[in-house]
Amino acid sequence: MSMSLWKRISSHADCEQRMAAYYNKKGLYDLRLCLAPWIEDRIMSEQVTPNSTDQLEQVAHRFNEDLQQKLLSTRASDQVLKYRLVELCALIQRTPALELYTHLRSGLQKELQLAAEKSVSVAAAGQSMPLNHYNMNNPAAAVAAVGMNGSYMETNDLFGVTGSGSSPVSHVSMSSGIMHNAPGNVTPASMGMVAPKVELYDVHHQIMQSLSDFSTCSDNLKMLVQKYAYMLNAGQTPEAEAVFKSLIEEKAAIVVRLRRTFIYYERLQDMVITELKNWRRQQALAGNGAQFSENMLDDIQRCFELLETFVTHLLAAVKEAIMVRLMKDDQELTSLHEQIHVAQKNLVCSAFIVDKQPPQVMKTNTRFAASVRWLIGSQLGIHMNPPTVECIIMSEQQAQRFVTRGTHVDVTNSSLSGQSSGEIQNCSSTMEYQQSNHVFSASFRNMQLKKIKRAEKKGTESVMDEKFALFFYATTTVNDYQIRVWTLSLPVVVIVHGNQEPQSWATITWDNAFADIVRDPFVVTDRVTWCQLSVALNTKFGSCTQRALTTENLDFLFEKLQRDNIAGERNEYISWNQFCKEPLPDRTFTFWEWFFAIMKLTKDHLLSMWKAGRITGFINKAKAHDDLMRAGTGIGTFLLRFSDSELGGVTIAYVNEGGSVTMLSPWTARDFQILNLADRIRDLDMLRCLHPTDVNVQPLDRDVAFADFYTQRPEPTPRVDGYVPSTIRVQVRTSGDTGSISGTPHHPMQSPPQDSMSMGNGSDFAMADFDTMQNFDVYNRII
């Protein structure tokens with residue numbers, strides 16, 4: 001393989017400096033450096049010009065997904081690189097897919113221009129980079145199809161059509177298995193890269209090209225039928241004998257073409273179905289908050305519709321060829337007909353999907369909605385007599401038994417309601433066809449789960465670990481045969497009380513993040529790498545709170561998940577038990593319960609301040625102390641951190657007048673229902689300067705930092721009924737022996753009992769430790 005483009009650029013210091021400045025505009029320099037060959041391979045192997053914004057977005061989202069998977073699969077050789085990979089994963093989550101893709105793509109164009117200026121050989125002499133942002137390579141190569149051995153061949157070759165024909169497929173060199181374009185364009189071959197990944201619109205183009213090429217075979221078949229009819233009418237004549245011999249040869253050639261065509265069709269069908277499986281995988285990740293382009297389903301449907309047209313023509317052609325009876329036994333065509341028939345059934349059944357998933361944490365006696373869609377549109381005429389879709393709920397064991405029976409269900413069993421693991425109201429809906437957008441779907445707008453049957457629990461299993469799924473099915477007739485199509489929703493956990501919600505979301509979050517695309521329901525690994533889990537946690541928290549986690553945040557979470565071991569080594573793998581079953585050291589709750597409570601608190605009460613970067617959040621007590629003691633702003637410097645000891649709590653650490661660090665007892669959602677966090681900060685005069693956070697790198701005056709979040713307090717006015725109005729304010733006891741109080745207003749009050757506070761007694765930490773007890777009070781101020 002020849003030298004990578006980036007190595008050529010980095011061999012010139014001025015070029016490397018210019019490109020580093022360009023990539024650093026988006027923080028992508030380290031990414032370009034870390035995955036240089038892969039980025040060049042992946043982006044420069046795009047063989048089709050996106051001719052619309054939607055297509056470009058699809059390419060960008062696909063690149064984003066592949067990039068994340070590449071980072072997750074990259075092995076770190078040292079600790080520094082390992083953390084950098086985690087940071088890069090977080091960066092990708094924060095950066096819009098289209099922005100990231102276009103910046104990298106434009107960067108490659110700039111690199112090629114620089115290489116040309118420096119007379120660095122990019123590929124063959126005289127080759128250069130097209131300046132069109134959306135035309136990296138020669139688009140004529142887009143219609144090349146994947147052959148049986150993984151190399152590329154022309155559709156005409158596969159169909160046995162000779163001559164130039166109507167195919168615009170560019171020439172493909174089979175000697176090296178790498179595509180070669182016309183001179184003047186940089187290609188994967190010229191860059192020493194492997195064959196490109198086929199995009200969805202590539203497949204769509206290939207199907208259309210295949211249908212066009214198949215018309216040649218159809219014309220030859222018509223001529224064969226005409227000759228066959230002539231032979232039958234000619235009787236026993238020498239001319240009929242000659243026609244018979246000619247027919248045998250021509251039919252044999254047509255059978256070969258039909259066989260090749262079906263092999264190619266199967267390849268196209270597999271690609272489209274794989275694309276649909278990928279879409280469903282992205283749908284699962286979207287359940288955790290990942291970006292998801294639902295519009296891609298329309299493009300997938302167009303491919304399904306074309307495939308249905310293709311396979312229908314293919315079936316008709318084989319039937320016609322069978323009618324030309326030249327031999328007593330035509331087993332090859334009969335077998336081919338059966339194979340095509342099965343392929344059509346698989347296509348029709350695979351096109352039946354859940355496009356709008358039900359809630360994955362489902363509470364009994366609560367209304368919910370879902371919808372299913374059949375991606376065949378009007379191709380088979382089923383929309384003229386639309387079937388009714390029914391829904392039941394299945395346990396994991398039932399779903400496993402059902403799936404092992406195969407794709408098609410025994411149609412003699414008219415109803416599956418007896419196999420349901422629960423009772424669902426409003427569980428049937430008739431499919432509707434929308435002429436404007438060709439969507440053929442059934443909507444369930446008012447379903448409600450009334451009862452649920454649970455399996456016996458083993459060991460430490462709980463109802464929050466038990467997975468169910470909604471099973472949608474319909475029976476219809478397609479081409480004179482009756483089939484029952486069905487599909488399963490994503491896993492759901494059924495609860496009856498709100499306090500079961502956190503652990504239920506642990507089950508769903510883990511399944512959505514780490515399940516394989518193809519699996520037995522609903523098997524998922526019980527151990528993942530920290531890099532994988534960090535992406536899942538970042539996606540979940542970022543989508544819920546609208547701000548992604550930083551590298552420092554993720555480092556803190558990683559430390560929290562670690563368990564003590566004799567060697568003191570850090571385990572790169574995190575188990576399901578560590579994630580949500582085993583209590584954290586010296587705590588009564590698990591990591592997930594702690595993380596979920598913080599996520600909920602932030603979403604419900606701290607959202608605007610978290611988004612603005614006013615909350616440090618994920619930092620332990622010792623580091624908070626050290627950071628504040630080193631702060632140049634001195635007394636009154638403070639930061640906000642999530643409590644380690646109380647679920648869903650946030651605490652304030654600040655430098656007191658004695659120069660040591662005080663930590664206030666945590667506030668929870670219950671407190672913020674009375675008075676919000678910003679107003680509590682405003683009431684405490686000892687808080688003067690907000691310590692820098694990961695987002696705000698400079699210290700901020702308290703009122704500058706939180707002014708936008710204060711609520712306006714109206715001036716008190718006399719009441720006509722004689723009552724005196726009051727105001728809620730926060731005050732903090734700063735000394736146990738004098739009873740003095742910090743905050744506004746100042747007024748005498750009774751000192752608390754001595755055991756209501758605890759002073760730090762270690763020489764390492766000059767800190768008042770109030771993290772587990774109440775050291776503040778909210779008072780009504782009489783005006």
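**Ground rules.** I am working with a predicted model, where local features need pLDDT of at least 70 and side-chain atom pairs count only at pLDDT 80 or more, while totals for chains, interfaces and linings use all residues. I number residues from 1 along each chain as its sequence is written, and side-chain values use heavy atoms, with hydrogens and water left out.

**Whole chain.** I looked up the secondary structure and found 23 helices and 24 strands in the protein chain. Helices (H or I, at least four residues) and strands (E, at least two) are DSSP runs, numbered from the N terminus. Next I checked burial: of the 783 residues, 51% count as buried. Here buried means under 20% relative accessible area, exposed over 50%, and partly exposed in between, with a 1.4 Å probe and protein chains only. I then turned to contacts, meaning heavy atoms within 4.5 Å. Of the contacts with a separation of 6 or more, 70% are between residues 24 or more positions apart.

**Cores.** I searched for nonpolar cores, which are sets of buried Ala, Val, Leu, Ile, Met, Phe, Trp, Tyr and Cys residues joined through side-chain atoms within 4.5 Å. The largest has 83 residues, and Leu258, Ile300, Trp374 and Phe472 have the most contacts inside it. Helix H11 (residues 296-323) gives the largest share of this core, 15 residues. A second, separate core has 65 residues, including Met609, Ala678, Leu684 and Leu690.

**Cavities.** How many cavities of 30 Å³ or more does a search of the whole structure find? I found 3. On a 1 Å grid over the protein atoms alone, a cavity is a set of points where a 1.4 Å probe fits but cannot get out; a pocket is an open set with protein on both sides within 12 Å along at least five of seven lines; lining residues have an atom within 4 Å of a point. Grid points are joined across faces, edges and corners, and a volume is the space filled by probe spheres set on the points. The largest cavity holds about 110 Å³. Its lining includes Gln58, Arg62, Trp279, Phe292 and Met296. Helix H5 (53-73) and helix H10 (238-286) each supply at least two lining residues. By class I noted 3 nonpolar, 6 polar and 3 charged. For these classes, Ala, Val, Leu, Ile, Met, Phe, Trp, Tyr, Cys and Pro count as nonpolar, Asp, Glu, Lys and Arg as charged, and the others, Gly among them, as polar.

**A pocket.** The second largest pocket has a volume of about 960 Å³. It is lined by 31 residues, with Lys277, Arg280, Trp486, Ile517 and Arg519 nearest its centre. H10 gives the most to this lining, with 7 residues. The lining has 16 nonpolar, 9 polar and 6 charged residues.

**Lys251.** I found Lys251 in helix H10 too. Is Lys251 buried or exposed? Its relative accessible area is 8%, so I wrote down buried. Not counting residues up to four places away, Lys251 touches Leu224, Ala321, Val324, Leu326, Asp330 and Leu333.

**Helix H15.** In H15, 13 of the 16 residues are buried.

Most residues other than glycine have a negative phi, and most peptide bonds are trans. Gln546, which follows H15, has a positive phi of about 65°. Asn426 also has a positive phi, near 55°, and is partly exposed at 45% relative accessible area. A cis peptide bond joins Pro521 and Phe522, with omega about -20°.

**Last look.** Gln435 sits in the loop between strand E9 (432-434) and strand E10 (439-452). At 56% relative accessibility, Gln435 counts as exposed.
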